[in-house]
Amino acid sequence: MPEPIEVRKVPLHTVSDASELAALIDNGVIEADRVIAVIGKTEGNGGVNDYTRIIADRAFREVLAAKGTRTAEQVRAIPIVWSGGTDGVISPHATIFATLPPEQAVRTDEPRLTIGFAMSERLLPEDIGRTAMITKVADAVRVAMERAGITDPADVHYVQTKTPLLTIHTIRDAKSRGMTVWTENTHESMDLSNGCTALGIAVALGEIEMPSDADVLHNRELYSSVASCSSGVELDQAQVVVAGNARGVGGRYRIGHSVMRDALDTDGIWAAIRDAGLDLPDRPHTSDLDGRLVNVFLKCEASQDGQVRGRRNAMLDDSDVHWHRQIKACVGGVAASVTGDPAVFVSVSAAHQGPDGGGPVAAIVDLGE
C-alpha cells in the first residue's frame, strides 16, 4: 500500500529560490528524503528557450540533496515538473508532494490522495507526434498507476507529464540517422509533444481507443479529461506523475477533477473542487473555500475557431504576442478569481487535453482531521 501524502504550496521569491522548500524541511513539515514530486510555475517566457525551468529545477534539487541522504542520481530521478510562463497575475510557485510515515497521518478509510510516478522509455525525436510516443507514454502511465496503488482508472484525477520537444539539435540527429520528424518548427513541437502525450494518457486510462498518426493535433474530439502535459528541453523521456485517490492510504488530502468548457468556465473549476470533496453552495464564493484548497491545476488552449462564447478574438492572428501567452494570462485571471490566490498552476498548449478551447482542471483539498 502506498504511503499517505503531505502536499504544500510554496512561493518562489526569485527564479532560483528554493528557500520555502528548505523551510518546510527545517520545520519538520516534510522530510527531504520523502519528497516524491514537485509541480511548479516559473516566470520565464514559457517557450523552447525558457531556461528558468532549468534554474528552478537545479535550486530545488540542490536543497533536496543538501538536506537529505539520497545520492545525486536518486535526487535527479525525482519528478520535478516546471511549467514556464507566469503571464498576467499568475504567481511563481511550487506544489510539493511528500510521503508521510503512516503513523503520522490521519487514519481514515475514505479515499485520499495517492501519487505514483514513472519514466517512459527514451523518446526519440522521430517518435514525437507519432504512435510510438503514444505507446511509450501509455506504458509509463500504467506503471505510475500501479505505484500509486490505483487499479481503477476512474480514481485517476490528474496526470502531469513532462516530455521532450524538438530542437534544432534533435532534428539534426534524426536526419543524420535517415529519419524524419513531424515538424521542424521547434515552437510548434511544444503543442505537438503535449498533445501526443495527452493521447497516450487517454489510451492508458481507457478514455479513447488507440489513435492513428493522422489524429495527432487534427482530431480534437480525442482528448483526456485528466491530462496536463508540459514539454521542454530538459529530458529525453516522458516524466509521468499520476495523482488519484485510494482507500486505506490515509492522510488529509483528496483530489478531484473536471473540465473547463471554454476559457471563461468558472463552473468547471468549482466542479473540480466539489469533486475533490468540499461541500459548496450552489453559487460559491472564494470565502467558501475556507482555506481548504491547496491548489488547482489547469491546462488551457485558444479555441481553434477564434471565438469564446460566440465572440471573436484575435489571439490566433496576433503576430506580436503569441496566443500561448494571451490565453494563459486570461485563464490565470479566471482561475485566480475563483481561488482568490494568484499562485495557480495554469499551463498552456492543451491539445487533446480537454475539449477544444477549454481544458482539464484538477483540485487538491485539505479535508483536515
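Me: How many bridges join β2 to β3, and do they run parallel or antiparallel?
Reply: Bearing in mind that this is a predicted model, strand β2, residues 35–42, is joined to β3 by five bridges, and the two strands run parallel. Within β3, the residue that stands opposite Gly40 is Trp82.

Me: What is the strand order in the sheet with β2 and β3?
Reply: The order is β1-β4-β2-β3, which makes an open sheet of four strands with mixed pairing. At its edges stand β1 (5–11) and β3 (80–84), and because each has a single partner strand, one side of each is left without a neighbour in the sheet. From one strand to the next, the twist averages 10°.

Me: Which strands does helix α2 lie across?
Reply: Helix α2, residues 52–67, lies across β2, β3 and β4 (93–99), and its direction is at about 150° to that of β3.

Me: Is Arg61 buried or exposed?
Reply: Arg61 is buried, with a relative accessible area of 12%, which falls under the 20% cut-off for that class.

Me: Other sheet now, what order do the strands around β9 and β14 take?
Reply: That one is also described as an open sheet of four strands, in the order β9-β14-β10-β13, and its pairing is mixed. Here β9 (253–260) and β13 (345–348) are the edge strands, each with a single partner strand, so one side of each has no neighbour in the sheet. The twist averages 15° from one strand to the next.

Me: How many bridges join β9 to β14, and how many join β10 to β14?
Reply: Eight bridges join β9 to β14, and these two run antiparallel, with His257 standing opposite Ala362 in β14. Strand β10 (residues 293–300) is joined to β14 (residues 359–366) by five bridges, also in an antiparallel arrangement, and Leu298 has Val361 as its bridge partner in β14.

Me: And how many residues of β9 are buried, given that it's an edge strand?
Reply: Six of the eight residues in β9 are buried, so the strand is mostly covered. Helix α8, residues 323–339, lies across β9, β10 and β13, and runs at about 155° to β13.

Me: Back to charges, how many salt bridges are there by the 4 Å rule?
Reply: The count comes to 19 salt bridges. One of them is between Arg177 and Asp173, at 3.0 Å from N to O; Arg177 is partly exposed at 39% relative accessible area, and Asp173 is partly exposed too, at 27%. Another joins Lys175 to Glu184, with the closest N and O atoms 3.0 Å apart, and Lys175 counts as partly exposed at 47% relative accessibility.

Key:
Residues are numbered from 1 along each chain as its sequence is written. This is a predicted model: local features need pLDDT of at least 70, side-chain atom pairs count only at pLDDT 80 or more; totals for chains, interfaces and linings use all residues. Side-chain values use heavy atoms; hydrogens and water are left out. Two strands pair if DSSP finds at least two bridges between them. Axes are lines fitted to C-alpha atoms, for helices over the stretch in contact, and angles run from 0 to 180 degrees between N-to-C directions. Contact means heavy atoms within 4.5 Å. Buried means under 20% relative accessible area, exposed over 50%, partly exposed in between (1.4 Å probe, protein chains only). A salt bridge is a side-chain nitrogen of Lys or Arg within 4 Å of a carboxyl oxygen of Asp or Glu.
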